[in-house]
Amino acid sequence: MSAAPRTPAGQVALALLVAAAGAIHLYLYFDYFHFVHVVGALFLVNAAAGLLIGAVLLVRRDSLVLLAAAGYAVGTLAGFVISTRWGLFGYRETFWGSWQEAAGGVELAAGLLAALLLARRR
């Protein structure tokens, strides 16, 4: 009987960061964004994607999952910047605030860690 292969610590950390970003978006959806047309639904989709990718990162050890995590983090940050600069579906977000900084920090860390883990695979 052999032990199951362990998930590397960096990938576990990435899973926690991505899931945390999803959890923040889920909280924000129920706190306020469920009132915002289109953007509210995108917060819910973002939350589901973050939680799903975070879970998959714990069980799969391939580059495709790392790419999904990087794409999630970068895509979420890009959506945020677009919504603060030009607005998104008629909603314009503010750049600074406690939740914006928390989500942005977690997503930035996830994007950087995913890029590092991908670079180490090459």
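Contact here means heavy atoms within 4.5 Å, and helices (H or I, at least four residues) are DSSP runs numbered from the N terminus. The structure is a predicted model, in which local features need pLDDT of at least 70 and side-chain atom pairs count only at pLDDT 80 or more, while totals for chains, interfaces and linings use all residues. Residues are numbered from 1 along each chain as its sequence is written, and side-chain values use heavy atoms, with hydrogens and water left out.

Residues are classed as buried under 20% relative accessible area, exposed over 50% and partly exposed in between (1.4 Å probe, protein chains only). The buried residues of H4 are Gln100, Ala103, Gly104, Val106, Glu107, Ala110, Gly111, Leu113, Ala114, Leu117 and Leu118.

In helix H1 lies Gln11, which is buried because its relative accessible area is 3%. Leaving aside residues up to four places away in sequence, Gln11 touches Leu57, Arg60, Arg61, Leu66, Leu117 and Arg121. A polar atom of the Gln11 side chain is 2.8 Å from the backbone oxygen of Leu57.

Arg60, one of the residues touched by Gln11, forms a salt bridge with Asp62, with 2.7 Å between the closest N and O atoms. A salt bridge is a side-chain nitrogen of Lys or Arg within 4 Å of a carboxyl oxygen of Asp or Glu. The search of the whole structure finds 1 salt bridge. Arg60 is partly exposed at 41% relative accessible area, and Asp62 is partly exposed at 21%.

A nonpolar surface patch is formed by Val81, Phe95 and Trp96, which together have about 340 Å² of accessible area. Such patches consist of residues with over 30% relative accessible area and no salt bridge, nonpolar side chains (Val, Leu, Ile, Met, Phe, Trp, Tyr) being joined within 5 Å and like charges within 9 Å. Areas come from the Shrake-Rupley method with a 1.4 Å probe, and for residues only the protein chains shown count as cover. Val81 is in helix H3 and is partly exposed at 39% relative accessibility. Phe95 is in the loop between H3 and H4 and is partly exposed at 41%. The C-alpha atoms of Val81 and Glu101 are 12 Å apart in space, with a separation of 20 residues in sequence.

Technical notes:
Helices (H or I, at least four residues) and strands (E, at least two) are DSSP runs, numbered from the N terminus. A polar contact is a pair of N or O atoms within 3.5 Å; within protein, one must be able to donate a hydrogen and the other to accept it, and residues adjacent in sequence count only if both atoms are side-chain atoms.
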